[in-house]
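Visitor: I would like to learn how to read a fold. Please take me through one.

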Amino acid sequence: MTHCGTVAIVGRPNVGKSTLMNHLIGQKLSITSRKAQTTRHQVMGIWTEGDMQVVFVDTPGIHIGGKRALNRYLNKAASNALQDVDLVVWLLERDRFTGEDAFVEKQIRESGKPLIIALNKVDQVHDKAKLMPVAQKMQMRFPDAEVVPLSALKGHNQDTLMALVGKRIPEGPFMFDPDQLTDKSLRFLVAEIVREKLVRQCGDELPYRTTVEIEKFDEQPDRVYINAVIFVERKSQKPILIGHQGSRLKQIGTDARMDAAELIGLPVHLELWVKVRDRWSDDEAALAQLGYKDP
Ligand SMILES: Nc1nc2c(ncn2[C@@H]2O[C@H](COP(=O)(O)OP(=O)(O)OP(=O)(O)O)[C@@H](O)[C@H]2O)c(=O)[nH]1
């Protein structure tokens, strides 16, 4: 008899949700960066071993006080993800518990789903005894939950986490082919890789409201030809992205090409363009056009 179920990885922005999913799946499916709110789309990561299939849903970080259309979309996508899963893995950062974590806690309680609480980034804690008070506090607040310290980045305790997840997965047929790693297309994943590189290169200089569209994705037997357009909101952001004599855009292109080639398993020819799309993140219609459909 096979087991199959869905698991939402939730937590406030920047706790390491995407890092955890990428390590569990062993593939770069979800983009990561030091900048909060990197994850915008819901990406499924599919883990299959023996007669067990676990479908992880990496959600955009739940955050408070979003005024713009994009922020509203992100919050809605995150709370929707909680409704449809068999289990929730809630990530906290070491022994920290912020107001945003309290907001996530409220949403988890409302969902009433079985829960595993993971204290992430424990590689940053020398004295592991420091984690005890927060672990005990969380255990008292959620007596039915399991609490596990781990490092998504270094892989510490991920086997323990998977064993706990496995125990909660119901019997049922596989939802996906055992070889499949994600529900998303290569085209989509490459757009996300480009976005990761530009967030990493530009950091706080560029508002996070920047998006990427793949205009050409031509798979030849020996090479893949990709044209991607980066949309910024204002003309003044274009030179920031392009950099001195095009150096920054070139670096983004080089980094993205290497990751894309690794993902696809073929050499990649990548061309990047920068275009201005006015105030798109405030405009629901423009969001829909870029693939941010009502979740
Ligand atoms: N030291 C350490 N750093 C980590 C660990 N897990 C994640 N990080 C770092 O934390 C930062 C945020 O990680 P992400 O995986 O992008 O976080 P996220 O929760 O998906 O963020 P959003 O997309 O904003 O919701 C990155 O710089 C990661 O490298 C960990 O176990 N240890």
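Guide: What follows covers a sheet, then a helix. The model is predicted: local features need pLDDT of at least 70, side-chain atom pairs count only at pLDDT 80 or more, and totals for chains, interfaces and linings use all residues. Residues are numbered from 1 along each chain as its sequence is written.

Visitor: In what order do the six strands form the open sheet?

Guide: Strands of a sheet pair through backbone hydrogen bonds, either parallel or antiparallel. Strands (E, at least two residues) and helices (H or I, at least four) are DSSP runs, numbered from the N terminus. Two strands pair if DSSP finds at least two bridges between them. Here the order is E2-E3-E1-E4-E5-E6, with mixed pairing. E2 and E6 (146-149) are at the edges with a single partner strand each, so one side of each has no neighbour in the sheet.

Visitor: In which sense do E4 and E5 pair?

Guide: The sense is parallel, over six bridges. Trp 90 stands opposite Ile 117 in E5.

Visitor: Which strands does helix H3 touch?

Guide: Contact means that two C-beta atoms, placed from the backbone, lie within 7 Å. H3 (residues 99-111) packs on the sheet and touches E1, E4 and E5.

Visitor: How many residues of H1 are buried?

Guide: A residue is buried if 20 or more other C-beta atoms lie within 10 Å of its own, exposed if 12 or fewer, and partly exposed in between; C-beta atoms are placed from the backbone. In H1 (residues 17-25), seven of nine residues are buried, including Leu 20, Met 21 and Leu 24. The buried residues of H1 pack against several elements, among them E1 (3-10) and helix H5 (158-167). After H1 comes Gly 26, with a positive phi near 75°.

Definitions and conventions
Axes are lines fitted to C-alpha atoms, for helices over the stretch in contact, and angles run from 0 to 180 degrees between N-to-C directions.
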